[in-house]
Amino acid sequence: LEMVSSSVDRLLVVVNEVLDVSRIETGELLIETEDFNLKESLDHDLYVLNLAARKKDISLTCTIAPEVPAYVHGDPARLVQILTNLVNNGIKYTDQGAISLIIENCGYDNTNTFRLRFIVKDTGCGIAQEKLELISHYFKQKATPSVSMPLSVGTTGLGLTVSSQLVKLMGGEIGVESGSGGST
């Protein structure tokens, strides 16, 4: 039953990601902003992700810098979706060591928009250079319905595709660095 439940959960994630890709491509995906408690929004999903990390005997930590306000304005559901995708990738490709989520205050930009930096680091196997170049290239593309999205599964799968587009729709940037000691 656990295996069936796990398979259903994985299938549900893929179906939801395909639906998000479709909504992004048609311009129908809406970012719904509100004031929300950042830590409370992350707590449940980080707890579930921590259980998955512990199953692989790796640690998952979350550090929120003291200067990050408790309440922020944005789309909490989409933010959690992005971070869950990135942390899940870290867990998937890390066999020993740790995954760290670090949240930093970047202050206000020149348009008076408050900015945060979310860093997901893992001590996994790293990403092959050709895949790293593909991911980096894709992350630099503009978020528009006309941008075709690769629907491959693996190191450049739907999770990264959806996360990249969501970050851009929210006015942010996403990037990747990788080496033999892991990825950020």
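This is a predicted model: local features need pLDDT of at least 70, side-chain atom pairs count only at pLDDT 80 or more; totals for chains, interfaces and linings use all residues.
1. A pair within helix H2. The side chains of Lys 39 and Asp 43 meet in a salt bridge with an N to O distance of 3.2 Å. Both residues belong to helix H2, which spans residues 38-55, and they are four residues apart, about one turn of the helix. Asp 43 counts as partly exposed, at 36% relative accessibility.

2. A pair between two loops. Lys 56 and Asp 95 also meet through their side chains in a salt bridge, here at 3.6 Å from N to O. Lys 56 is placed in the loop between H2 and strand E2 (59-64), whereas Asp 95 is in the loop between H3 and E4, so the pair ties together parts that lie 39 residues apart in sequence. With 28% relative accessibility Lys 56 counts as partly exposed, while Asp 95, at 63%, counts as exposed.

3. A pair across the E4 and E5 strands. Arg 117 forms a salt bridge with Glu 104, and their closest N and O atoms are 3.3 Å apart. The pair links distant parts of the chain, since Arg 117 is in strand E5 and Glu 104 in strand E4, 13 residues apart. Both residues are partly exposed, Arg 117 with a relative accessible area of 44% and Glu 104 with one of 28%.

4. The hairpin itself. Strands E4 (residues 98-108) and E5 (residues 114-122) run antiparallel and are joined by nine bridges, with Ile 103 standing opposite Phe 118 of E5. Five residues separate the two strands of this hairpin, and in the turn Asn 112 has a positive phi of about 65°.

5. The buried side of H4. In helix H4, which covers residues 129-139, the residues Leu 132, Ile 135, Tyr 138 and Phe 139 are buried. These four are on the same side of H4, because they cover an arc of only 130° around the axis.

6. A nonpolar patch at the surface. Leu 11, Val 15 and Leu 19 form a nonpolar surface patch that has about 250 Å² of accessible area together. Of these residues, Leu 11 is located in helix H1 (residues 2-26) and counts as exposed, at 53% relative accessibility.

7. Arg 78 lies in helix H3, residues 76-92, and is buried, because its relative accessible area of 16% falls under the 20% cut-off. The side chain of Arg 78 is joined to that of Gln 81 by a polar contact of 2.7 Å.

Note on methods
Residues are numbered from 1 along each chain as its sequence is written. Side-chain values use heavy atoms; hydrogens and water are left out. Buried means under 20% relative accessible area, exposed over 50%, partly exposed in between (1.4 Å probe, protein chains only). A polar contact is a pair of N or O atoms within 3.5 Å; within protein, one must be able to donate a hydrogen and the other to accept it, and residues adjacent in sequence count only if both atoms are side-chain atoms. Patches are made of residues with over 30% relative accessible area and no salt bridge: like charges are joined within 9 Å, nonpolar side chains (Val, Leu, Ile, Met, Phe, Trp, Tyr) within 5 Å. Accessible areas come from the Shrake-Rupley method with a 1.4 Å probe; for residues, only the protein chains shown count as cover. A salt bridge is a side-chain nitrogen of Lys or Arg within 4 Å of a carboxyl oxygen of Asp or Glu. Two strands pair if DSSP finds at least two bridges between them. The arc is that of the directions from the helix axis to the C-beta atoms.
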